[in-house]
Amino acid sequence: MIRIARLAKNKKRAISPVIAVILLIGLAVAASAAIFLVVLPLLQPTSNLEMNDAYIIYDTDYTVAADEGEGYGKGTVSLSNAGTGSIKIKDIQIYYATSFVVADWTEITEAVSIQDISVNNPYVLDPLTTTEELTIRFPLPERNDNNTVAYKIIVTPTQGSSLDTTKVTSVSETDMELLADRPQISFTGSLGTIRRTRQIAPTSVTDNSQIKNVVYEVYNAVETLVRTKTITQSLWRWQWNTFNFSSEGLDNGSYTMKITVNDYAGLSNFVNVPLFTIDNDYEEPKITNVQGLSTKNGIGIAEVGEFYAVSATITDSGSAVSSVSEAYIYYKLDDGGTTYSIASMTQGTGDTWTGNIPGAFIGTAALANNLTFYLKAIDDDSNEKSTGSNFAEVKDTTSPNFITHIFQGETIESQTTLVGDEGTTLSLSVEVSDKDSVNQVNLVWRERNDIGIQSVGPWIVSNNISVSGNVYNFRLPALNVTLDGLEYYFNASDPSNNIAYEGNGASPYRIRVYDEASPIITIQSTVPATITEGTDLTVSASIIDNDPSFSWTGFETGTVLLGIKRPGESVYTNFDMTHTSGDSSIGETPIWEIVIDGANFSYNILPVLIRIQAIDDSGESDLQDESIAVSDAGEPNLSLSNDAVSGADNHLLNFDIINGQNAAAATITDIKVRLLSNGKTIVSGDPLIVQIDTGVTVWQNDTNTEGANNTIIALDSTVSISGGTSKTFTLTYANSTTGNYDLYDLTVSVTLYFEYGVEPYTGSKQLAEFDTPITQTVPVVQTRYMRSNTQIINGKTGYELGTSLTGSIHLSDGTSTYSSDLAVTWGIQVYIRHSDFSQNLISGGIVATVQRPAGGDAAGIQNNYWNCPETSLTTSDAILVQVWCQVGGNSPELQAEFITNQLGAAKLDSATWNVYYYTERDRGGGFFSRTTTAYFHWGESIYNSRIEGFQYSTYGGGGAGEISYLLKSDTPQSPILETSIFLESIIEKNRSSLIIFFDKLIANTLQDLPSKPLFF
């Protein structure tokens, strides 16, 4: 008899007996009352047990819960009852056989819960039930997994025949089979060499029901089992620590492994892991070359308050992956204590490890006890090694520190001259600290010799009069505070005999002592009673005082003022006088001087008042007053100077009207300007004078009169010119709208009309005419290329700065090679190179700079701008351009020099140069030893270093006067085709236009003109 572990009803669909009776009654009433007696027999219960389906599967839940080595199957039987009466099932039996073909059935008799169904406790199948599923669990009958097992289920009711799954056509034989249950396992790859911790797991593990465990077995080289590990968790991983001091560790050597999988049906399978090797580090690190040092004292001696640097060589071995992971310094005072502090060490280059015992630990207590320390190192496999104790003597070699210095209540922060009052006691104090303690503080002082009468006194050492914390207080006695002055310094020592100074004998603090006597002023130069207006006046005076502030050279702290009060002014205007000579400390008379500008002296009936005032450092002063009458200046003394003309269509001529140094002021009221043709033909109506501009006021040609002869410009306002000053006038002239006249090589004639002066010099005067030639300058704008060929210009050998590009490259040799990864800057310096081989810098330094930052190699064209100032040239001058390079903060290096030809120019124009460089920055060396080298290249289209916007002006030629030449042939042939051509000058050369007279026919057509040279 099988025991039923669980019997459950589900999917039950049945017609109840009450509904059936109602249906039958309805049928009877519908037929007739006559058949009523026939209905009662039809209501007798019937039963009809049928088996619709059955199948066998593994029961996963029960397999997991089963005892070790046991498994369960699960059977399901689907029954129906088509009758009107209940069916009682008293027994269910399960049989198994090797197959359905061989009907050798064996009943499964192992009981689990037999009381669930029996004769006395039958399972009731209700009437009219269409489907009723019964679930049955049973132990698997066999451990042998090599054959398919067939099952059958017999259901026996209390009445009627039993139902057998082998006889029911609706039940499939394959549903009554249970396949083999051996688990499957696989492992791919190899373990190779194992170091430290390793995790291992099968590649795959599968089973039809449920896996119970995976067992790992490790065998040594002689196939002896040395380690077994059973894993019961899913994923079946073994976190394998191979260290020999671990419970699962293995000694170094070669091993094999067998991995077995077991399920709850008692079935198993295994796989073998190929040969592998254990290679672990079991050796301690080695610590050698232990050394400690301080910055100040070197090896073996620590400094109070300073960290103590400890280093050692730490190595490791024991396996192919041996390495040191940690190192520590254990340190304490050598005072008998047992508690150590710990500081970490870090690995530097190679096997060198370093760390610091902090300066905060090495206090003054360490002076008496010194330091003791040892090192501990730990490798990656947790092997440890400690050294024996090391000792370090502790010293205090640091001098005391002066924190504050106070003189007469004021904090002194720099080496400066102090001041005090004569005959008063002076107070001083200093605050001093030390790593250990301050042993002694001294004030060292002496009287000096500020007034040059006696010798400097001896140094005197004074102890403090009181101490408050770290502040030491001193006094200088009133008896010694004299006009001679004093000087002093401090020294301080600690118990280790370290000495510090605040000031010293060679550079002490200096005290000047004020007196209460007024200085004495003596005017040295004769002050004239009368001076011509506009004349400069020099005034000098000697200043004598007990206080040396007026007379000790290099120590002029006194103030000497010269005041001027002109007629109509209510207060003096003061100017500082300067100590120019005389040192009273060596018996000389000190002289103070000033030059008064003549602009302060204008004609007036009333005099100009002058006052000299001397004020010493004590505030005492002296005054000396003088008065000077001012006479009128002489008549205006006007003259004319001129500059070159510029411009193309509108021509500009700058000329200066200058009044003499001692002349009276003049007011220009009218101006007449004529342009003289110098004998050249002038087209009628040209040129036209447009205007004259002073920068403040403008004269314009109000009548728009054309023509070069006696054109008069009318004034819009007047212009004043004081004596000793000048005014610049700009004359603008041009062709008229219809004219076509060459404006160069003329002469300008200027006539001025002016008024000047006051009584008795009132009136006007006409200035004589001034004639000045006009010279044209023509601007030339170019791109100048840095060419690869060299040339010698004005004694200078350099690469050519030419107007065309060469086809060859010049690669520079580069700068010096500097350590570190540095930024690089390039720029130019610009010089005027003269024919006497001298040169003048006009760029003011290195300009138009470009830069390549640190951080890698880089090359290519870069550019920047420089504003070239207008600079006068002679026709033989050339321009020299130097290219400089600076690497980081190092000194600039000259990389190349470029020079133009002799420009034949009047000036360099004010223009913006655009400077292009082909630069290259090379970063060399390794990651920890970078270097930087800089290069500059030029000469062809890729390396096109150049200057754009290079501009200068040349002197232009004439054109108004015709220049004629007679062309003659060297043979009487006609026409002249094959002979040389000679020009005989008739008038003059060096003109831009040329008229040629031919003595015979040269050619029949222009195409026939001979390609022969002209000689003239």
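Biologist: What is the relative accessible area of E487?

Modeller: This is a predicted model, in which local features need pLDDT of at least 70 and side-chain atom pairs count only at pLDDT 80 or more, while totals for chains, interfaces and linings use all residues. Residues are numbered from 1 along each chain as its sequence is written, and side-chain values use heavy atoms, with hydrogens and water left out. Buried means under 20% relative accessible area, exposed over 50%, and partly exposed in between (1.4 Å probe, protein chains only). E487 counts as buried because its relative accessible area is 3%.

Biologist: Which residue forms a salt bridge with E487?

Modeller: A salt bridge needs a side-chain nitrogen of Lys or Arg within 4 Å of a carboxyl oxygen of Asp or Glu. For E487, the closest N and O atoms of the pair are 3.0 Å apart, and the partner is R448.

Biologist: How many residues apart in sequence are the parts that R448 and E487 tie together?

Modeller: Strands are DSSP runs (E, at least two residues), numbered from the N terminus. R448 lies in the loop between β34 (440-447) and β35 (460-463), and E487 in strand β38 (residues 486-493), so the parts tied together are apart in sequence by 39 residues.

Biologist: Which residue is linked with R448 and E487 in a network of salt bridges?

Modeller: R448 is buried too, because its relative accessible area is 11%. The network joins R448 and E487 with R446.

Biologist: Is E384, which forms a salt bridge with K376, buried or partly exposed?

Modeller: The closest N and O atoms of K376 and E384 are 3.9 Å apart. K376 is buried, at 18% relative accessible area. With a relative accessible area of 41%, E384 is partly exposed.

Notes:
Helix = DSSP H or I, 4+ residues; strand = E, 2+ residues; numbered from the N terminus.
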